[in-house]
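Colleague: I have a new model open. Please walk me through reading it, feature by feature.

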2 protein chains.
Amino acid sequence: MINIDPLQRGGLLTPEARRALAEWGDGYSICDFCPGKLEEIKKPPIHDFVYGDLPAFIGVDHARVTNGARESMFAVMHALGKKDGCVVLDGNAHYSSLVAAERAGLDVSLVPVSDRPEYRIDPEGYAEIIEGQQKSGEEVVLAVLTYPDGNYGNIVDAKRVSAICHEYDVPLLLNCAYSVGRMPVSAKDLGADFIAGSGHKSMAACGPVGVLGVSEQYHDLVLRRSAYNKNKELELLGCTARGATIMTLIASFPTVRARVLEWDREVEKARWFSEQMESLGMIQMGDKPHNHDLIFFEAPVLYEISKHAKKGRFFLYKELKKRKIHGIKSGLTKYFKLSTYQLPEDDLRYVVDAFAEIIATVG
Amino acid sequence: MINIDPLQRGGLLTPEARRALAEWGDGYSICDFCPGKLEEIKKPPIHDFVYGDLPAFIGVDHARVTNGARESMFAVMHALGKKDGCVVLDGNAHYSSLVAAERAGLDVSLVPVSDRPEYRIDPEGYAEIIEGQQKSGEEVVLAVLTYPDGNYGNIVDAKRVSAICHEYDVPLLLNCAYSVGRMPVSAKDLGADFIAGSGHKSMAACGPVGVLGVSEQYHDLVLRRSAYNKNKELELLGCTARGATIMTLIASFPTVRARVLEWDREVEKARWFSEQMESLGMIQMGDKPHNHDLIFFEAPVLYEISKHAKKGRFFLYKELKKRKIHGIKSGLTKYFKLSTYQLPEDDLRYVVDAFAEIIATVG
């Protein structure tokens, strides 16, 4: 099977992670030599990963492993939360950013998205929305940029966004669920105060597991210790990924660190694929030329076929399945997204040919 | 190796869970046929587990899978949280209960524990503490009983505790990290409003993963939906155990459901083991006769040896390791806890003989 599901391309385990999963699968297997704090466990080498490799990799002062990107975002929002506070999010934000803000008791304001076909976020939109909120008397406790978003794979100029947010004294969190582990990302280079990443989405790990990066300035607030137990960080409830999930993240890390250096090649492949699909009558939405492996298509040609195909709108799923291609949701034809991440060129060519054949034979 | 670590005895994977781990190890592998809500996934059969098997097993109206028992407790405390609110906990509570309350912005009051050697919680203590808090003007939003606690393995009369709490209109949460999956527990039979359980501690699952039980009365509050996305439950941030962890929980479930029926035999073994250890000069703390596999010993006889043994206080760990017995923390001699859970009688006899031999030869 060729898997083109954007949710799954970056989370396929490495052979090392598969071995870690078998070795550390039993519950609480990592806690044998815990001195009272997950991050202090030296055997297995969680300490070195959390205090050394991970913060260097994402360019932050402090890093932690969490139960996922949404849990990372909630930890930050909950720590920064205030009565009459709000969060400014990009209009392409993943639903979990909104849910995290809502759970933290924070209002949400969205930076508008441009119309079809680009669905762009203009960094200057942050200035307008933050200013509006501040004037209305709400305190903007945090801005979030989804980098890239999970619908169109659009990469916004995060450096510009962070500069704008800081002009208004608002810290910026980058939701990097689709970037950390796929492409080089450095919070410091981009000016971000926080980073959230996803192990199961983009770091070849068994989930749920994520990463959190925190700048020195926010260390004492976001990673504050419990008054009842000085070893335990409050927003992490003491320990987060206390099992095999963190071990798969660590096991895949050398591969992940190496693969982000091949990012330019991944972008080239994505662009090539997009061109091929457009030549078949599909229309790529979002940034063009595209800058990420997650690609959204409008497919009027497939939609037309679905109107008279035998299986109706399920024909595409069935036809792709017949050709051992997996990852476009069953029932979708008019719009769908997919990912080219880490697929060999031959496989991408095979997928394009399959679409061509389906259009020619079913259509 | 014979493993007597109380943290690990109940989390050893079944063969079925090992297979599930390999099959569902890749990140987001369970989301292929998600209709928008984790619990609604029918293939794999998460829907049937969460809406059928699990609530029946723990005797609750509504059940969910979470990232662990502490995450279950935090979800409830956060949902019930109020300004000037507090939580009443048993004095033997796990640190994570206190940390969860603190994170939820709630004060903590502890029901006192009796002195050595029993370290008992008197259910009537809940009346006194709740009344005291209410008189002081704090609203008691929740009471928690650790059932059993993780130090002494003491089982408190939860039925009496729930009756008392309800007299004061305070809901009760049972922290069953060491019971659900080991012994029969029914929230309804015990009168509890909430249950928190741990997959990696007691349900033969790969962690972090836990369960949450909620009575009908609190359904709409604790499992309320997001205003931004009607499919997503706020306190679960939409989806919790979105990977292999939930699949190992489900895979082990038939075994776990069957094994709790053998609980009387487990208690017999624990009692026999305790008697044997006492005949060697150790003193069992907590309920006596004991009602759980988690057993805490004072060992003056080993402590005396440690004063002049070659490796000092590390001698016990080394001597046990030499005999392929694992699970008492390195450096402990004066006090330690262990678990007899699911160990064959021959293994327990072997452990007792090892202690006897160590005392005779090193002492």
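**Helix, sheet and contact**

Modeller: Start with a helix on a sheet. Helix α4 (residues 95–103) of chain B lies across β3, β4, β5 and β6 (172–175) of chain B, and runs at about 175° to β3(B). Axes are lines fitted to C-alpha atoms, for helices over the stretch in contact, and angles run from 0 to 180 degrees between N-to-C directions. Contact requires C-beta atoms, placed from the backbone, within 7 Å. Helices (H or I, at least four residues) and strands (E, at least two) are DSSP runs, numbered from the N terminus. This is a predicted model: local features need pLDDT of at least 70, side-chain atom pairs count only at pLDDT 80 or more, and totals for chains, interfaces and linings use all residues. Residues are numbered from 1 along each chain as its sequence is written, while chains are lettered from A and ligands numbered from 1 in the order in which they are written.

Colleague: In what order do the seven strands of the open sheet in chain B run?

Modeller: Strands pair if DSSP finds at least two bridges between them. Here the order is β2-β8-β7-β6-β5-β3-β4 (chain B), with mixed pairing. β2 (62–66) and β4 (107–111) of chain B are at the edges with a single partner strand each, so one side of each lacks a neighbour in the sheet. The twist averages 20° from one strand to the next.

Colleague: In which sense do β3 and β5 of chain B pair?

Modeller: Parallel, over five bridges. B:Gly85 has B:Glu139 as its bridge partner in β5(B).

Colleague: How many residues does each chain give to the contact?

Modeller: Chain A gives 45 residues and chain B 45 residues. On the side of chain A, α4(A) provides the largest share, seven residues.

Terms used: Two residues are in contact if their C-beta atoms, placed from the backbone, lie within 7 Å.
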